[in-house]
Amino acid sequence: MLGQYLKGNTKFMGEVSSWEDSIKIAAEPLLVKNFIKEKYIKSMIDNVHEYGAYIVLVPGIAMPHAKDEESVNKTGMSFLKLEKAVEYPEEKEVKIIFVLAAKDNSEHLELIADLSSILADDEVLTKFKNVESEKELIELIKTVEE
């Protein structure tokens, strides 16, 4: 299921200037395809300012999201991988950003659970950190979900 959401919604870059930019850039594919409104990106950034780096699920991987269903037109997910880590609050270094946008709470929890279960496996986590293309990312997710 995660692979379907990520198709056409991935980016690979060298570096970004700030963690806020990492969220904006990671969310761009969803904004361009009208899955989310600009306000959703602001809500994700505001959440980190207010609650800290709780979105860093495992070292090096963050999953920005917000409880702002009015700013989500369609459930989706996007992915950004950076060559050089960006520092999130609490000195957490992040190279991979999964942006989650869910139309309702049950989809929100389902996507978080799916991603968390994949990232709980150390071997899979290492492979995630080494993907270099959207094709490679989606193939990795497919092998894990089977």
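Predicted model: local features only at pLDDT ≥ 70, side-chain atom pairs only at ≥ 80, totals over all residues.
Where does Thr10 sit? You'll find Thr10 in strand S1, which covers residues 10–13. Buried or exposed? Thr10 has a relative accessible area of 17%, and the cut-off for buried is under 20%, so Thr10 counts as buried. Leaving aside residues up to four places away in sequence, Thr10 touches Phe79 and Leu137 as well as Glu134.

Right, on to the nonpolar cores. The largest one has 28 residues, and Ile23, Ile36, Met44, Tyr88 and Ile97 have the most contacts inside it. Helices H2 (19–32) and H3 (38–51) each supply at least two residues of this core, and so do strands S4 (76–88) and S5 (92–101). The largest share is six residues, from H2. Apart from this core there's another one, of 22 residues, including Met77, Phe98, Leu111 and Leu125.

How do H2 and H3 pack? Their angle is about 150°, and the axes are 10 Å apart. Angles over 145 degrees count as roughly antiparallel, so that's what H2 and H3 are to each other. The crossing of H2 past H3 is right-handed. On the H2 side, the residues that meet H3 are Trp19, Glu20, Ile23, Lys24, Ala27 and Leu31; H3 brings Glu38, Ile41, Met44, Ile45, Val48 and His49.

Technical notes:
Residues numbered from 1 in each chain as written. Heavy atoms only, no water. Helix = DSSP H or I, 4+ residues; strand = E, 2+ residues; numbered from the N terminus. Buried < 20%, exposed > 50% of the residue type's maximum accessible area, 1.4 Å probe, protein only. Contact = heavy atoms within 4.5 Å. Core = buried A, V, L, I, M, F, W, Y, C linked by side-chain atoms within 4.5 Å. Axes fitted to C-alpha atoms, helices over the stretch in contact; angles between N-to-C directions. Parallel < 35°, antiparallel > 145°, perpendicular 65-115°, else oblique. Left-handed = near helix turned anticlockwise from the far one by under 90°.
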